[in-house]
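Here is a short briefing to read alongside the model.

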Amino acid sequence: VTASAPRGERLVACGLLLLCAVCCLVLARGATALELANARRREQLDLLARLSACPQRLQPGPVPELDGLFARRLEVLSTGSGPCLVFRGPASDGGREVARR
Amino acid sequence: MRRLASPVFLAACFAAMSASIVLARGVVALRDARAIRAGVELAAARLVAEQAAHAYVDSCGHRACTSVDLGHGIDVSTSGSSDPGSGEVRLSTRVAARRLEFAFARLPGATSPVFDLRLVVASDAPPLPADWPTPAVVARDDLPRLATAAGPAPGPAAALVQRDPGIALLRLPAGTDRDDFVLGAGNLEPTADAGGAVQFVRGNLWVDCGPEPLRLSLPRDLTLVVAGNAYLGRSIAVAGPGRLTIATEVADGVAFADVDGNGRWSAGDQLRSDDTFSGPMEGAGAVYLGLPREGAEHLCFDVGLVVGGELHLAAERALVRGPVALSFGGTVLPGRRGRLVVAGWGAPLHETGLLPGFAAVGSPRPGPLRLRGGGDQPLYVAAPTR
């Protein structure tokens, strides 16, 4: 801010910069959080693709590494026709599973 | 000029620039998130479809409809129906606003786990040569069994297998008693369902010797069932996703170890059964890696071998890139170093459907799930480059 500018104009400029800095900070934090969440989900999707490619090698039990990808937990279940990745428990926002004939 | 030097103007420019940078980052992240959301929906649909496929097969088709609420606004419902035309089961899946259709085959069981091993030998077989890898030992009943008797001629790979009455006399001093067929280079025709093919060879199968490998292009799995001996004189290179398996069976003769390497039953050879020798003089079910009289330095075979008789090695070194299952054992022909290396197929076979021509083991199961219509989509859309 040039020193020769009137005082009022300098104050307005400083206020504008401060407001901009706060807004940018908030936006940057949101973007960073979203980027981190994206990276984690991408890794989880990669892991899920690898697990789905060879289900016979899976050990029965929950897969905690995939928690958060869906609102329900994923678990390896031994079925009559071999191991299978299934959703377990209710969805965190009240989901349900219905099987009908 | 004075306006350009105004602090408010400069601050506004700086603020706009900073905000643009941060906003651009946010927009890219949001676009990434949308693409990942589509990937998550597709992954959810595939998972629920897999689950539904298992439920469908386990319940013999009674449990055909499933609905799973995964939260976060992702609701997946599937409906299964048998397609009488192809024999496959179709799963219509709805996820969010998308409608996807998967299909799978009902397999009678899994491929024998023996194919996931490298070198396997029957428990009552004699010891293998010292320079061969240590084998896995299984009960004779656990060795892979052929599923079907000889099918209708000419078979799906008939163009690759041609009768040749002269090859045996050219390569063996006394020829052979059976009909002889030569495996030639070429392509196996693809089919819409990508199912494997079985070609029956009613006689001996030959791959003549030569400096260049025999090249085959296989868009799907091919099993050659040989009712005789297999003489593999040079390397075999297979291109494509398909795998080549050669299975020999002791159909009309007796298996023996060709100790003297003359290609026929003679004094000093070792019978591999309690019977007296009978049938074709070249025996039955044997596989020769390298021709008995020609030999070879280094051979490399992109094949899996299920040897119903004796495996004979007539090369200094042979690499088999598929699994090798031996019913009776192996013999190194005289004058050869006879080092055998078996790599095995990397991916477990029982995850990729049934190997054609072989009996299934275990309970019925769904085959690999295929996304119909849209083809095989990636699990999630790749993130845009920044």
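Let's start with the sulfurs: searching the whole structure turns up 0 disulfides over all chains. Keep in mind that this is a predicted model.

**Cysteines**
- Cys14(A) is partly exposed, because its relative accessible area is 45%, which falls between the 20% and 50% limits.
- Cys65(B) counts as buried, because its relative accessibility is 17% and the limit for buried is under 20%.

- In chain A, helix H1 runs over residues 7-53, which makes 47 residues. Its first and last C-alpha are 68 Å apart, close to the expected 69 Å.
- Residues of H1(A) that are buried include Ala13(A), Cys20(A), Cys24(A), Glu35(A), Asn38(A), Gln44(A) and Leu47(A).
- In chain B, helix H1 covers residues 7-58, with 52 residues in it. From first C-alpha to last it reaches 75 Å, close to the 76 Å expected at 1.5 Å a residue.

**Nonpolar cores**
- The largest nonpolar core holds 44 residues, and Ile236(B), Leu244(B), Leu289(B), Leu305(B) and Leu311(B) have the most contacts inside it.
- Apart from that core lies another, of 40 residues, with Leu47(A), Val48(B), Ala64(B) and Leu91(B) among them.
- Which residues does Ile236(B) touch, not counting residues up to four places away in sequence? Its contacts are Val207(B), Leu214(B), Leu216(B), Leu244(B), Cys300(B), Phe301(B), Asp302(B) and Val303(B).

Key
Residues numbered from 1 in each chain as written. Chains lettered and ligands numbered in written order. Predicted model: local features only at pLDDT ≥ 70, side-chain atom pairs only at ≥ 80, totals over all residues. Heavy atoms only, no water. Helix = DSSP H or I, 4+ residues; strand = E, 2+ residues; numbered from the N terminus. Expected span 1.5 Å × (residues − 1). Disulfide = S-S within 2.5 Å. Buried < 20%, exposed > 50% of the residue type's maximum accessible area, 1.4 Å probe, protein only. Core = buried A, V, L, I, M, F, W, Y, C linked by side-chain atoms within 4.5 Å. Contact = heavy atoms within 4.5 Å.
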